[in-house]
Amino acid sequence: MGLPIYLFEKNKILGKKLLATGNGRCNIHNLYTRTSCYQSSSFTSQAIQSILEGFNFSEFQECCRKMGLLLTQQLDGRVYPNSQSAKSLLEVFSLKLEEGKVRIHLEEEVLNIHKDSKNFFVQSTKGTYQSSYLILACGSEAYPKLGGSNKGLELARSLGLEIVQTYPSLVPLKLDTHSLRDLSGMKLKVKITLKVDTITKKEVIDDLLFTSYGVSGFGILDISSQIQTSQDNVLIIDFLPNFEAEFLEQMLLKLHKSFPQRSLLQLLNGFLPPKFARVCMEVLKIKQCHTKNIKKLIFCLKNWEFKNPKLQGFENAEVSGGGVSANAVKINTLESKAVSGLYIIGEMLDIVGDRGGYNLAFAWASARVCAESLKRSHKT
Ligand SMILES: Cc1cc2nc3c(=O)[nH]c(=O)nc-3n(C[C@H](O)[C@H](O)[C@H](O)COP(=O)(O)OP(=O)(O)OC[C@H]3O[C@@H](n4cnc5c(N)ncnc54)[C@H](O)[C@@H]3O)c2cc1C
C-alpha cells in the first residue's frame, strides 16, 4: 500500500520467540486447523472460525512460497519449514520486511500510547512517534525469557479496552503429592484423562515427564489448557495404555503360577521401567504376590490419581489464555470498537490454541484480518 510502517521490538533481534518454537523447528501451521483446537471465554467459535477462514493453510502456504519459504507437512497435520529450522523462516520474513522498507526499531520498548481525535502518540524508550493507525501485536507474558511480557495488555487497558483475566496455558503442572518425585527425569508414554468436577474434559495419549515439582511432557502440556483453576481437577493416569486391565491381571497370574519364586516386583519389571515399578510398589505398599494384590496393582497402574494439579506460572508456559476481550474488537477487522485505527492481533487476543501449530496459525490469520481491513480503509 506504500504506507510507511514502523515496527518496534524491545528485544535485540526480531522473532526471538519464533526461533524457539517447535524446539527450533517452528511448527508454523497445522493442516487441520479448526475451532475445537482453540479456547476463549469471550470469542464464540463462529468468530474464531471467521478469523481462521480469512487466511487458511493453502493461502498461507501460497504466501510463504511467494516469499521464498518452502513448507513441509507431517502425517498428523503439523507443518514446518522444509529446512526443519525456524531460522529459515526468520531469514525469509526479515528479508521481506527489509524489502518492504519497514522501519525496524530494535531494542526499543513502547511505554505509553495516547490518542487525540485523529492521531496516536507512541512513546518509546527512545522517542515519541505519531501515526494514524496502530497495531498491537505484543504477545503475552508467557515465557518471559524470550521476551514475553504483559506490557501489550497494559497498553490496551490504558486505551480503555476490556481484558479477560489471563492464565498460563500449555504449561507443566505442580502436584502436592511427593510420592513419585524420586522418578524426576523419567518420561513414559501414558494415557492422561482430566476430570473437572467429575466430568471428563480431555483425554490424551502422549508423554508424561516426572519433574521435581510435579509433571510435564507433551501430554501434560496438552491437558493443561483444560484445567479450570476454580474447580475440582483430577488427573487419571493409565501407565499401561496399550493393554486392557483383564489381560494384564491374567498375564501376571499366569507368570506367578509359572515362576512362584519371583516377587511381584520382579514380574512387574518386565511390564514397566524397573525404577518406576519399584517406586510404585513402595507407594502402594504391595508386597505379597496373590490375586487380590495383583488386581489392586493393575487397577492403580491404570487409574493413578493426581488430585488438584496446579498450573505452573508464566515462566514455563508456551502461551497465555485470556487477553483482549471479544467485546472490545470488531470481529471482521480486529479493530477496537472504541478507539478507531487501533488493531489487536495474535496472542494478545482472548484466544489460545492447542499445541500443534495452532497458535502461530491463529497469529498469521489474525494479522491477515487486520491487514485486509487496513487495505480497505486506505483505499476509501
Ligand atoms: C517455547 C515456545 C514454543 C512454542 N512453540 C510453538 C509452535 O511450535 N507452534 C505454535 O503454533 N506456537 C508455538 N508457541 C506459541 C507461539 O510462539 C505464540 O503463540 C506466537 O508467537 C504469538 O505471536 P504474537 O505475534 O502474538 O506474539 P509474540 O510472538 O510473542 O511477539 C510479540 C513481540 O512483541 C514484543 N513486545 C512486547 N511488548 C512490547 C513493547 N511494549 N514494545 C516493544 N516490543 C514489545 C516482544 O518482545 C515479542 O517479540 C510457542 C511458544 C513458546 C514460548
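This is a predicted model: local features need pLDDT of at least 70, side-chain atom pairs count only at pLDDT 80 or more; totals for chains, interfaces and linings use all residues.
**Shell make-up.** I sorted the residues around the ligand by type and got nine nonpolar, nine polar and eight charged.

**Who sits nearest.** The shell has 26 residues. I looked for the ones that come nearest to the ligand and found Glu9, Gly22, Val110, Glu347 and Leu360.

I went through the N and O atoms next. Valine 110 turned up again, now with a backbone N or O atom 2.9 Å from a ligand nitrogen. Lysine 10 also uses its backbone: a polar atom there is 3.1 Å from a nitrogen of the ligand. With lysine 17 I had to look at the side chain, where an N or O atom lies 3.3 Å from a ligand oxygen.

**Cover.** I checked how much of the ligand the protein hides. On its own the ligand has 990 Å² of accessible area, and the protein covers 89% of that.

**Which elements contribute.** I then asked which elements give two or more residues to the shell, and they are strand E1 (6–9), helix H1 (16–20) and helix H11 (358–379). H11 provides the largest share, three residues.

**A closer look at H11.** I took the span of H11 from first C-alpha to last: 32 Å for 22 residues, close to the 32 Å expected at 1.5 Å a residue.

Technical notes:
Residues are numbered from 1 along each chain as its sequence is written. Side-chain values use heavy atoms; hydrogens and water are left out. A residue is near a molecule or strand if one of its heavy atoms lies within 4 Å of it. A polar contact is a pair of N or O atoms within 3.5 Å; within protein, one must be able to donate a hydrogen and the other to accept it, and residues adjacent in sequence count only if both atoms are side-chain atoms. Accessible areas come from the Shrake-Rupley method with a 1.4 Å probe; for residues, only the protein chains shown count as cover. Helices (H or I, at least four residues) and strands (E, at least two) are DSSP runs, numbered from the N terminus. Ala, Val, Leu, Ile, Met, Phe, Trp, Tyr, Cys and Pro count as nonpolar, Asp, Glu, Lys and Arg as charged, and the others, Gly among them, as polar. The expected span of a helix is 1.5 Å times one less than its number of residues.
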